[in-house]
Amino acid sequence: MKHDENEEKLLRSVALQNAQAVFLARERAERELRESNERITNILESITDAFIVLDKEWHFTYVNPQAEQILAPLNKSRANLLGKSYWQEFSDLVGTPVEENYRRAVTEKVKVEFDHFYPPLNSWFQVRANPSQDGLSVYFVDITERKRTEGTTELLAAIVDSSDDAIVSKNLDGMITSWNQAAQRIFGYSAEEAVGRHITLIIPDDRRE
């Protein structure tokens with residue numbers, strides 16, 4: 001009888017130790033998972049690009065502060081976007097290159113990158129979308145100022161090229177860096193022949209003996 005009691009106590013002790021071990025292991029795993037999720041969240045929150053995550057049904061599962069800031073003029077906050085359908089919240093993007101590129105990324109499992117002008121914000125955005133098993137991660141950056149600069153540069157280049165006057169530019173070393181069509185007509189050298197050569201090609205160097 002004594003032997004049975006001792007064996008029962010031993011079994012209870014072993015079962016208790018096993019239960020404690022399982023509890024501690026589960027607690028440790030949960031703690032590590034929480035810490036891992038916190039690290040991932042901190043990384044996502046610190047990304048300088050606007051960043052959103054969509055699930056397979058195109059519902060918002062994450063919106064970082066930068067994205068929330070960009071979308072604030074549309075009265076769209078992180079709180080009222082999470083769980084909502086992207087195509088319902090941004091129905092004006094249905095049928096645009098944005099939808100085309102997002103769906104191609106998901107269908108073909110490829111990264112897509114493109115520029116898009118969004119009228120409601122009167123802004124240009126560079127968009128990068130990466131597919132995953134769970135849906136789509138989207139990064140977007142406001143490049144409106146860059147687009148304006150590019151447009152101004154292109155306009156100035158067109159004005160220079162269409163001018164009836166020869167317009168030539170050079171760097172500090174006297175090497176020709178630009179050559180318009182009028183310069184080609186007046187001096188007889190094409191842009192390919194002139195650019196990269198010294199300005200003495202058309203302006204004599206008075207220092208020469």
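How much space lies in the largest cavity? In this predicted model, the largest cavity holds about 240 Å³. With a threshold of 30 Å³ or more, the count is one cavity. The lining of the largest cavity comprises 17 residues, and those closest to its centre are Tyr86, Leu93, Tyr102, Phe125 and Phe140. Two or more lining residues come from each of α2 (65–71), α5, β3, β4 and β5. Strand β3 contributes the most, with three residues. Sorted by class, the lining has 16 nonpolar residues and one polar residue, with no charged residues.

Three of these contributors, β3, β4 and β5, belong to an open sheet of five strands, ordered β2-β1-β5-β4-β3 and paired antiparallel. The edges are formed by β2 (60–63) and β3 (112–118); each has a single partner strand, so one side of each is left without a neighbour in the sheet. On average, and ignoring direction, neighbouring strands are turned by 25° against each other. In general, strands of a sheet pair through backbone hydrogen bonds.

Within the sheet, β1 (residues 50–55) and β5 (residues 135–142) run antiparallel and are joined by six bridges.

Two helices lie across the strands β3, β4 and β5. Helix α5 (residues 97–108) runs at about 160° to β3, whereas helix α6 (residues 144–162) runs at about 125° to β4. Of this pair, α5 is named among the elements that give two or more residues to the cavity lining.

Notes: Residues numbered from 1 in each chain as written. Predicted model: local features only at pLDDT ≥ 70, side-chain atom pairs only at ≥ 80, totals over all residues. Heavy atoms only, no water. Pairing = 2+ DSSP bridges. Helix = DSSP H or I, 4+ residues; strand = E, 2+ residues; numbered from the N terminus. Axes fitted to C-alpha atoms, helices over the stretch in contact; angles between N-to-C directions. Contact = heavy atoms within 4.5 Å. 1 Å grid on protein atoms, 1.4 Å probe; cavity = no way out; pocket = protein on both sides within 12 Å on 5 of 7 lines; lining within 4 Å. Points joined across faces, edges and corners; volume = space filled by probe spheres on them. Nonpolar A, V, L, I, M, F, W, Y, C, P; charged D, E, K, R; others polar.
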